[in-house]
Amino acid sequence: MKRPLIAVLNGPNLNMLGLRQPGIYGHATLDDLEQVCIQAAERLDVAIDFRQTNGEGELVSWVQECHGRARGIVINPAAYGHTSVALLDALLAVGLPVVEVHISNIHRRESFRHHYYVSQAAIGVICGLGVRGYAHALQAITDMIEDEDEG
């Protein structure tokens, strides 16, 4: 049986992990983050499509590509989360379960970071757990897929 595909999409500046504000984001790199996701996917018996972009349009296109291809989306929209109605619209349009992830605790940060459009499309938001939050997000999406398949 084919393993369900979960898209793991990452927005701007996540390619700078390990260099950018390690006091906030930690020392893990984007490659380290991808390894966390690969290990979680193997444990959960799902496939992942792990991507990162600094471009809003590209991120929107990737979300749209998930329609009919993926069973769920784990997304760290980064700054686009609180600025991009286009990303929200794309997530709503594909009709897939979405878990939003943030490495830092966005609620302990600047007030402009407290409003996220993307959260309106998410069934859940995980923040402040570092890169390990992605493993929790993959677990949540996998549980939903299993519940859907059983129902």
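Arg-71 counts as partly exposed, at 25% relative accessibility. Partly exposed sits between two cut-offs: buried is under 20% relative accessible area, and exposed is over 50%, using a 1.4 Å probe and protein chains only. Keep in mind that this is a predicted model, where local features need pLDDT of at least 70, side-chain atom pairs count only at pLDDT 80 or more, and totals for chains, interfaces and linings use all residues. Residues are numbered from 1 along each chain as its sequence is written, and side-chain values use heavy atoms, with hydrogens and water left out.

So what does Arg-71 pair with in a salt bridge? Asp-149, with the closest N and O atoms 2.8 Å apart. A salt bridge here is a side-chain nitrogen of Lys or Arg within 4 Å of a carboxyl oxygen of Asp or Glu. Asp-149 lies in helix H5, residues 133–150, and Arg-71 in the loop between H3 and S3, so the pair ties together parts 78 residues apart in sequence. Helices (H or I, at least four residues) and strands (E, at least two) are DSSP runs, numbered from the N terminus. Asp-149 is partly exposed too, at 47%.

Next, Asp-49. This residue is buried, at 14% relative accessible area. Asp-49 forms a salt bridge with Arg-69, closest N and O atoms 2.7 Å apart. Asp-49 is in strand S2 (47–52), while Arg-69 is in the loop between helix H3 (56–65) and strand S3 (72–76), 20 residues apart. Arg-69 is partly exposed, at 40%.

Asp-49 also meets Arg-51, N to O, at 3.0 Å. Both of these are buried.

Shared partners join Asp-49, Arg-51, Glu-65 and Arg-69 into one network. The whole structure holds 5 salt bridges.
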